[in-house]
Amino acid sequence: MRILLIAIIGYAAVTTLAYDRPQRTSSIERLYDDLDHHRVDRLELVTADFKASRETNTFWFRWSTSRLTWWEFRGEVSRTQLEKARQLPRLTRTITGDRGEPSFDKWLDPKFDLSVIRGDPSRADSRSWSERLPDGPLRLLIPFIGLGTFLLMLSRPHNRYANRWAWFWLMTTGLSGVMLYLLLERRPVWASFDRPLRDPAKRLTGGWGFVCSLFLAPLSAGLASLAFSLL
């Protein structure tokens, strides 16, 4: 069971890294072609700086053609290029928003005094990695795994490698601490059941757990990025 949970967390981390490192394209036509050939799994408008009176406006789109392949377009889109979106209902819904307001006709008509500034790129990039997972079962499952592991840690009277306070601080780093707990407690996943397991000479205390937590998140993110770059 632990190995399954670790595998789920690892897959979620790789999925998020793929989102954070999209393949960039300088052409909006790439997005149009992927939509036209039904290759797009997910599409989002990260931000738009739009004014109807301008001939060209700035858009930032992200879309996936698989869970591990994301694309990104950031650049100027002319009114003529935007006109092609009429043939792609999914794109027009993304541009106009969930309520479809203002209508797409207003986006194209320079006579309308339409000005839209949507999205904050810095805020989009600062979301926690679990929040950047695509919508679906995985995004719903990850918080339950984290909470369940945290409650399991609290319910155990004795943890082998660190006390409760140490694990508490390590788990505040996010799922890095959760994965570490699943790997180690109460018996490391690689330890043989045929041999008795010795207790460590010292357990990690709360103070050292807090210090380690300061380095765990950036270290795990760096190692994950390195592993992803080698895929």
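Which residues have the most contacts inside the largest nonpolar core? The legends below take up this core and then the salt bridges of the predicted model.

**View 1. The largest nonpolar core.** This core has 26 residues, and Phe59, Phe61 and Leu91 are those with the most contacts inside it. At least two core residues come from each of helix 2 (28-36), strand 2, strand 3, strand 4, helix 4 (89-96) and helix 5. In soluble globular proteins, nonpolar side chains tend to be buried together.

**View 2. Surroundings of leucine 91.** With neighbours within four places in sequence left aside, leucine 91 is in contact with Leu31, Tyr32, Leu35, Leu43, Phe61 and Ala85. Phe61 and Leu91 are both among the residues with the most contacts inside the largest core.

**View 3. The salt bridge between glutamate 72 and arginine 62.** The two side chains meet at 3.1 Å, N to O. The pair links distant parts of the chain, with glutamate 72 in strand 4 (residues 69-78) and arginine 62 in strand 3 (residues 56-66), ten residues apart. Glutamate 72 counts as buried because its relative accessibility is 1%, under the 20% limit. Arginine 62, at 3% relative accessibility, also counts as buried. Both residues belong to a network of salt bridges that links Arg24, Arg62, Glu72 and Arg74.

**View 4. The salt bridge between arginine 42 and glutamate 44.** These side chains meet at 3.6 Å, N to O. Arginine 42 and glutamate 44 are both buried.

**View 5. The salt bridge between aspartate 113 and lysine 51.** The N to O distance in this pair is 3.6 Å. Distant parts of the chain are linked here: aspartate 113 lies in the loop between helix 5 (104-108) and strand 5 (115-118), and lysine 51 lies in strand 2 (residues 42-51), 62 residues apart. Aspartate 113 counts as exposed because its relative accessibility is 72%, over the 50% limit. Lysine 51 has a relative accessible area of 29% and is therefore partly exposed. Side chains of opposite charge can pair when their charged atoms come close.

Note on methods. Residues numbered from 1 in each chain as written. Predicted model: local features only at pLDDT ≥ 70, side-chain atom pairs only at ≥ 80, totals over all residues. Heavy atoms only, no water. Salt bridge = Lys/Arg side-chain N within 4 Å of Asp/Glu carboxyl O. Buried < 20%, exposed > 50% of the residue type's maximum accessible area, 1.4 Å probe, protein only. Helix = DSSP H or I, 4+ residues; strand = E, 2+ residues; numbered from the N terminus. Core = buried A, V, L, I, M, F, W, Y, C linked by side-chain atoms within 4.5 Å. Contact = heavy atoms within 4.5 Å.
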